[in-house]
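Colleague: I would like to go through this model with you, one question at a time. Please show how each answer is reached.

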Amino acid sequence: MEKQVMVVGIDDSEHSGYALDWILEKFFVPFGANSPFRIVIVHAKPTASSAVGLAGPGAAEVLVFVDADLKKIAARVVENAKAMCISKSVNDVTVEVVEGDPRNVLCEAVEKHHASVLVVGSHGYGAIKRAVLGSVSDYCAHHAHCSVMIVKRPKIKH
């Protein structure tokens, strides 16, 4: 029987790392090689122009440096995710870096891989920040053509 696909969206946040660690512990470690899922980890790398949002004289020179930094961040995010999977003996993993808006990139990855589940971490933004920045998890919950699991970090009580 072919394994179902679980797409996991990652970025460079603690929330994303927590979500990946959580699903590895719950859906992969207890089953070993018999997990019903294979995992596709997807990182959406922003375009340099979307990250900077500027135009005019000198913009082209700046964009080269911004793009180089975004590539370094993407490489670090992917290496951390791979290391997390290896540390938990999860080997049936595909990792992709796709340039674009995370909302679109994740929904397209679901379609491309015929995923049964999309997993995203929750940044826990309040209503105002979510309205201004947009919520990737909220968008995916409404637009992805599969079940969406939003993994939240437990709140730390002071």
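Modeller: Helices are DSSP runs of H or I with at least four residues, strands are DSSP runs of E with at least two, and both are numbered from the N terminus. This is a predicted model, where local features need pLDDT of at least 70, side-chain atom pairs count only at pLDDT 80 or more, and totals for chains, interfaces and linings use all residues. Residues are numbered from 1 along each chain as its sequence is written, and side-chain values use heavy atoms, without hydrogens and water.

Colleague: What pattern does the protein follow, read along the sequence?

Modeller: The protein has six helices and five strands. Written in sequence order, these elements give β-α-β-α-α-β-α-β-α-α-β.

Colleague: What share of the residues of the protein count as buried?

Modeller: Buried means under 20% relative accessible area, exposed over 50%, and partly exposed in between (1.4 Å probe, protein chains only). The protein has 158 residues, and the share that counts as buried is 34%.

Colleague: Of the contacts in the protein with a separation of 6 or more, what share joins residues 24 or more positions apart?

Modeller: A contact means heavy atoms within 4.5 Å. Among contacts with a separation of 6 or more, the share from residues 24 or more positions apart is 78%.

Colleague: Is A44 buried or exposed?

Modeller: A44 sits in strand β2, which covers residues 37-45. Beyond its neighbours within four places in sequence, A44 is in contact with I10, V98, G100, D101, P102 and V105. Its relative accessible area is 13%, so A44 is buried.

Colleague: How far from A44 in space is E99, C-alpha to C-alpha?

Modeller: In sequence, A44 and E99 are 55 residues apart. In space, the C-alpha to C-alpha distance between them is 5.5 Å.

Colleague: Which residues does S122 touch, not counting those up to four places away in sequence?

Modeller: S122 lies in the loop that runs between β4 (117-121) and α5 (127-133). With a relative accessible area of 15%, S122 counts as buried. Leaving out residues up to four places away in sequence, S122 touches H15, I150, V151 and K152.

Colleague: How many disulfides does the count come to?

Modeller: A disulfide is a pair of cysteine sulfur atoms within 2.5 Å. By this rule, the number of disulfides is zero.

Colleague: Which cysteine has the sulfur nearest to that of C107?

Modeller: C107 is in no disulfide. C107 is buried, because its relative accessibility is 11%. The nearest cysteine sulfur is 4.2 Å away and belongs to C140.

Colleague: What is the relative accessibility of C140?

Modeller: The sulfur of C140 is 4.2 Å from that of C107, so the two are too far apart for a bond. C140 counts as buried because its relative accessibility is 0%.

Colleague: What is the value of phi in S89?

Modeller: Most residues other than glycine have a negative phi. S89 lies in the loop between α3 and β3 (93-99), and at 58% relative accessibility S89 counts as exposed. S89 is not a glycine, yet its phi is positive, near 60°.

Colleague: Where is the place of H114?

Modeller: H114 is another residue to look at for its phi, which is positive at about 55° although H114 is not a glycine. H114 is exposed, because its relative accessible area is 67%. Its place is in the loop between α4 (102-113) and β4.

Colleague: Which residues does K88 touch, not counting those up to four places away in sequence?

Modeller: K88 is found in the loop between α3 and β3. K88 and E25 are 63 residues apart in sequence, with their C-alpha atoms 8.0 Å apart in space. Setting aside residues up to four places away in sequence, K88 touches D21, L24, E25 and V29.

Colleague: What is the relative accessible area of E79?

Modeller: E79 belongs to helix α3. E79 and V95 are 16 residues apart in sequence and 9.5 Å apart in space, C-alpha to C-alpha. E79 counts as partly exposed because its relative accessible area is 46%.
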